[in-house]
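Visitor: I am new to this structure. Please take me through one part of it closely, and then show me what else is there.

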Amino acid sequence: MKRITTIFLLFIFLSSLNANAQTLQEKIGQMIMVGFELNDQAKDTLMYDISHRNLGGILLFAYNLQNPNDFKEPTDSQLRNLIKEQSRNLQAQAQTPLFLATDQEGGLVARLDENNGYQETYTNYQLGTEFNSEDSTRKQAALMAGWMAQAGLNLNLAPVVDVNVNPDSPPIGGLDRSFSSNEYTVFKHASWFIDEFHKQDIATSLKHFPGHGSSTSDSHLGITDITNTWQDRELDPFRFLIQAGYNDAIMTGHLFNSNWDDTYPASLSEYAIKTILRDSLGFNGVVITDELFMKAISEHYGFDEAIVQVIKSDSDILLFSKNIYQDKSLPAHVISLITQKINDGVIDEATIDASYNRIIALKNSRMITKTEYVAQNALPRGIDIANYPNPFNPTTNITVTLDQTSEVKIRVANAIGQIVQTISQSRLSAGVHTFQFDGRNLASGLYFVILNTPQARQVHKIMLIK
């Protein structure tokens with residue numbers, strides 16, 4: 001018993017040292033979660049942000065989980081293996097284990113489904129209202145949790161705990177995403193759902209605080225005003241779950257209630273997050289915004305204004321559907337903006353520390369990529385080349401990932417195959433290595449980074465534009 005206690009205290013001490021070692025910018029990086037499109041710039045930027053900016057999480061949509069270009073007619077097992085390998089490759093680049101998140105509610109909102117090697121699932125309405133069976137809800141949740149665990153995903157942006165106040169609500173009742181019109185029934189089914197995901201070490205996120213079930217419009221398409229439709233009982237599923245010990249994450253909705261805040265929706269509101277969710281309901285876990293490019297935000301608030309207000313509201317993770325902003329790295333912009341606002345005294349740095357600590361606590365407690373997992377799976381699998389920026393002028397950083405120590409030759413060739421520069425020719429250890437390539441003496445055009453080891457060869461395209 002004494003030995004176990006000593007090991008536990010040592011783990012806490014080492015975790016504390018790791019947290020203290022993070023720079024301000026690295027802490028801010030942990031507060032950012034992005035999606036990415038299937039193009040070279042988005043992929044290259046993503047890999048650089050993971051390895052150099054301590055990006056905290058990645059949101060995977062259905063198109064990220066199908067990999068249509070890898071096989072002409074992929075089988076179910078091939079698709080599953082591709083998803084799993086993609087998750088491993090992303091984690092291999094990370095300084096701090098990544099949240100790899102998706103929306104796996106069941107029914108119409110399920111990124112793992114019959115289209116990418118899994119199967120069709122029941123809607124929440126069917127589970128909570130038509131069946132209203134603990135066994136049915138647990139079985140489906142366990143099935144989906146198993147899919148996510150096998151794929152390497154560790155955060156489910158679900159369950160929906162919106163009460164079905166308006167059965168015709170476009171984003172909730174109209175899509176059968178609510179378990180029930182009864183708040184206690186919603187609580188019960190959400191509890192069973194969460195429990196099955198926790199059995200697989202997958203974190204969850206309740207949504208959409210303070211309740212989207214009474215809305216008459218969709219925040220994806222514009223402002224969603226719930227001032228005259230929202231009911232206090234819509235808080236009950238959140239309240240009951242928090243009282244029962246729930247401490248993973250809660251996603252805030254872009255829901256405007258002038259009785260709470262006459263300027264900002266809940267996702268940007270200090271009153272909604274600090275006063276209601278934190279102080280009144282007693283939630284100490286991670287708060288995630290709904291996607292910040294939704295029209296409810298983009299059409300009514302400036303991009304930078306929304307980011308600053310999210311931080312001031314006491315939210316922890318800023319969620320974006322893409323990782324490029326104004327043709328550059330979105331995380332780089334967000335980190336720079338928040339750092340400047342701290343320097344200007346607009347944001348208190350203690351707010352960043354609090355968010356960072358909540359995020360790391362959740363990663364350590366729920367993720368399959370917690371400390372023990374990382375120690376066993378830290379090395380990348382295979383070899384990989386990335387660069388950022390791309391296109392570039394005149395320099396770019398080339399990142400090479402190796403799964404084993406090896407003799408490595410890295411060269412750059414022009415479009416007709418002539419070697420224009422040798423980047424490295426040496427023995428490199430397993431892990432991630434970064435080299436700077438300078439093309440100031442070369443003409444604009446397409447070039448190829450060629451990586452050779454005794455075991456493999458890989459080629460990566462880069463574009464020099466002057």
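Visitor: In which sense do S15 and strand S16 (residues 395–402) pair, and over how many bridges?

Guide: A word first: this is a predicted model. S15 and S16 pair in the antiparallel sense. Five bridges make up that pairing. One pair of partners can be picked out by name. Ile385 has Val400 of S16 as its bridge partner.

S15, S16 and S19 form an open sheet of three strands, in the order S15-S16-S19. The pairing in this sheet is antiparallel. Strand S15 (384–388) is an edge strand. Strand S19 (431–438) is the other edge strand. Each of these two pairs on one side only. From one strand to the next, the twist averages 25°. As a general point, side chains in a regular strand alternate between the two faces of the sheet.

Now look at the loop between S15 and S16. Pro394 is found there.

Helix H3 (residues 40–53) lies across S15, S16 and S19. H3 runs at about 90° to S15. Follow the chain past H3 and you reach Asn54. Asn54 sits in the loop between H3 and strand S2 (57–59). Its phi is near 55°, a positive value in a residue other than glycine.

Next comes a second sheet. Four strands form it, in the order S18-S17-S20-S21. This sheet is open too, and its pairing is antiparallel. S18 and strand S21 (457–464) each have a single partner strand, so one side of each is left without a neighbour in the sheet. The twist here averages 15° from one strand to the next.

Take the pairings inside this second sheet in turn. Strand S17 (residues 406–413) pairs with strand S18 (residues 419–428) over eight bridges, in the antiparallel sense. In S18, Gln425 stands opposite Lys409. The hairpin of S17 and S18 has five residues between the strands. Gly417, in that hairpin, takes a positive phi near 90°.

S17 is also joined to strand S20 (residues 445–452). Five bridges link them, and the two strands run antiparallel. Val412 has Val449 of S20 as its bridge partner. Lys409 turns up again here: its bridge partner in S20 is Asn452. So much for the strands.

Turn to the helices. Two packed helices are described by the angle between their axes and the distance between the axes. Start with helix H11 (residues 303–312) and helix H12 (residues 330–343). Their axes come within 11 Å and cross at roughly 65°. The crossing of H11 and H12 is right-handed. On the H11 side, the contact is made by Phe303, Asp304, Ile307, Val308 and Ile311. On the H12 side, Leu330, His333, Val334, Leu337, Ile338 and Lys341 take part. By class, this contact of H11 with H12 has eight nonpolar, one polar and two charged residues.

The crossing of H6 and H7 is right-handed. H6 brings Glu134, Thr137, Arg138, Ala141, Ala142, Met144, Ala145 and Met148 to the contact. H7 brings His189, Trp192, Phe193, Asp195, Glu196 and Phe197. The residues of the contact of H6 with H7 divide into eight nonpolar, two polar and four charged.

There is a cis peptide bond in this stretch of the chain as well. It joins Ala158 and Pro159, with omega about 10°. Pro159 is found in the loop between strand S6 (155–156) and H7.

The structure holds one cavity of 30 Å³ or more. About 40 Å³ of space lies in the largest cavity. Its lining is made up of Pro210, Leu255, Asn257, Trp260, Asp261, Tyr264, Pro265, Ala266, Ser269 and Ala272. Seven of these lining residues are nonpolar, two are polar and one is charged.

Methods. Residues are numbered from 1 along each chain as its sequence is written. This is a predicted model: local features need pLDDT of at least 70, side-chain atom pairs count only at pLDDT 80 or more; totals for chains, interfaces and linings use all residues. Side-chain values use heavy atoms; hydrogens and water are left out. On a 1 Å grid over the protein atoms alone, a cavity is a set of points where a 1.4 Å probe fits but cannot get out, and a pocket is an open set with protein on both sides within 12 Å along at least five of seven lines; lining residues have an atom within 4 Å of a point. Grid points are joined across faces, edges and corners, and a volume is the space filled by probe spheres set on the points. Ala, Val, Leu, Ile, Met, Phe, Trp, Tyr, Cys and Pro count as nonpolar, Asp, Glu, Lys and Arg as charged, and the others, Gly among them, as polar. Two strands pair if DSSP finds at least two bridges between them. Axes are lines fitted to C-alpha atoms, for helices over the stretch in contact, and angles run from 0 to 180 degrees between N-to-C directions. Contact means heavy atoms within 4.5 Å. A crossing is left-handed if the near helix is turned anticlockwise from the far one by less than a right angle, and right-handed if clockwise.
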